[in-house]
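Student: Could we go through this model together? I have a few quick things to ask about it.
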Amino acid sequence: MSKFSKKRGKATPAISTASLPDIIFMLLFFFMVVTVLRDSSLMVKVNTPQASELTKLEEKSLVNYLYIGRPTDQYKEQYGTSPRLQLGDKFATVDDIPLFLEKHKIKVAENKRARITSSLKVDGDVTMGIVQDIKTQLRKSNQLKVNYSAKPKSE
Amino acid sequence: MAKKSSKDRLTNEINAGSMADIAFLLLIFFLVTTTIVQDKGITVKLPPWSEEEVDATKLKTRNVFSVLVNAQNQLLVRDEPANIEELKDRAKEFIMNPRGQEDLAEKPTKAIISLKNDRGTEYKTYLAVYNELKAAYNELWDEEAQRKYGTEYSDNMPTEQKRAIKGKIPFVLSEAEPTAFGDEK
């Protein structure tokens, strides 16, 4: 009589899982596209300061990263505690910057080269001396678009 | 015999049941390695390199808003100690000079902000100061955009509107060669 009793006895039909792989693949492709694999492991401690006037860095391929900070515990004995520059995955000096920029430049299409940005990921506790040297070197290498990496301010 | 069995195999289908598992495995891998966090920061255009120093002495003092940061991270704004909290409002007042004061900028186009730090200044102080000065300009641009076009200032505004605003209130920040009193050894 009741609607519910009718159903009793009937085997519950199994939900078709045939489309499950497709759904998973869709998700997979999404994550594959948005993923940027870290290409360099940090050898310096970088804790960027907070700021409010931030601009987003577009097009990752047009950005080169310069890390400045004090060597992490692992490298302290070898490299000391004074601030160091890291280019790619190794320690570098200011003199290595022009070559580093050039190496990045040749990978970028010619019509986009004017939009190359250098992202300075600098630890908040580093003194300005090394930052200034690097800025001067960037100016000498005619790499004038610079982005001081910072975290959004949480109030 | 062998022929027959291969014929049988043709009719067999590859079992796609484990496909989902494989896809899941890959999915989890990419989920873990993905960093969605956007890279953000303060974008700066450095001046081209030139050997000779810019001579600031021929500028009128009323048009220069000098900000000095020493190795103890203390601020000296227009020759008097200041706090970082008041920097933005003072910069805004200096640029616009709403009451036409004698000692503030003649007009926004003539205003120059001069920033000088020491080699011993902490980077976070430097960036905080830079952030405040940039915020002052951003707010002024915003006010200008509201007054003129009734919208807030953003990067996706029409280029000519942006140019008009920036032509009226240009962002001029000159950074002097830092002093080296507190340099790290």
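Student: At what angle do the axes of helix 3 and helix 4 of chain B cross?

Tutor: Bearing in mind that this is a predicted model, the axes of helix 3 (residues 87-96) of chain B and helix 4 (residues 123-149) of chain B cross at roughly 50 degrees, and they come within 9 Å.

Student: Is the crossing left-handed or right-handed?

Tutor: Helix 3 of chain B makes a right-handed crossing as it passes helix 4 of chain B.

Student: And which residues meet there, on either helix?

Tutor: From helix 3 of chain B the residues are L87(B), K88(B), A91(B), K92(B), I95(B) and M96(B), and they meet V129(B), E132(B), L133(B), A135(B), A136(B), Y137(B), E139(B), L140(B) and E143(B) of helix 4 of chain B. Sorted by class, this contact between helix 3 and helix 4 of chain B has ten nonpolar residues, five charged ones and no polar ones.

Student: Switching to chain A, how many helices and strands are there?

Tutor: Chain A has five helices and nine strands, and their order along the sequence is α-α-β-β-β-β-α-β-β-α-β-α-β-β.

Student: How much of chain A is buried?

Tutor: Of the 155 residues in chain A, 41% are buried, while the accessible surface of the chain comes to about 9,800 Å², with 55% of that belonging to carbon and sulfur atoms. If you consider the contacts in chain A between residues at least 6 apart in sequence, 73% of them join residues at least 24 apart.

Student: One backbone thing: what is phi for N142(A)?

Tutor: N142(A) is not a glycine, yet its phi is positive, at about 60 degrees. N142(A) sits in the loop between helix 5 (128-140) and strand 8 (145-149) of chain A, and N142(A) counts as exposed because its relative accessible area, 56%, is over the 50% cut-off.

Student: What about phi of N73(B), and where does that residue lie?

Tutor: Phi of N73(B), which is also a residue other than glycine, is positive and near 65 degrees. N73(B) belongs to the loop between strand 2 (64-69) and strand 3 (75-77) of chain B, and with a relative accessibility of 26% N73(B) counts as partly exposed.

Conventions:
Residues are numbered from 1 along each chain as its sequence is written. Chains are lettered from A and ligands numbered from 1 in the order in which they are written. This is a predicted model: local features need pLDDT of at least 70, side-chain atom pairs count only at pLDDT 80 or more; totals for chains, interfaces and linings use all residues. Side-chain values use heavy atoms; hydrogens and water are left out. Axes are lines fitted to C-alpha atoms, for helices over the stretch in contact, and angles run from 0 to 180 degrees between N-to-C directions. Helices (H or I, at least four residues) and strands (E, at least two) are DSSP runs, numbered from the N terminus. A crossing is left-handed if the near helix is turned anticlockwise from the far one by less than a right angle, and right-handed if clockwise. Contact means heavy atoms within 4.5 Å. Ala, Val, Leu, Ile, Met, Phe, Trp, Tyr, Cys and Pro count as nonpolar, Asp, Glu, Lys and Arg as charged, and the others, Gly among them, as polar. Buried means under 20% relative accessible area, exposed over 50%, partly exposed in between (1.4 Å probe, protein chains only). Accessible areas come from the Shrake-Rupley method with a 1.4 Å probe; for residues, only the protein chains shown count as cover.
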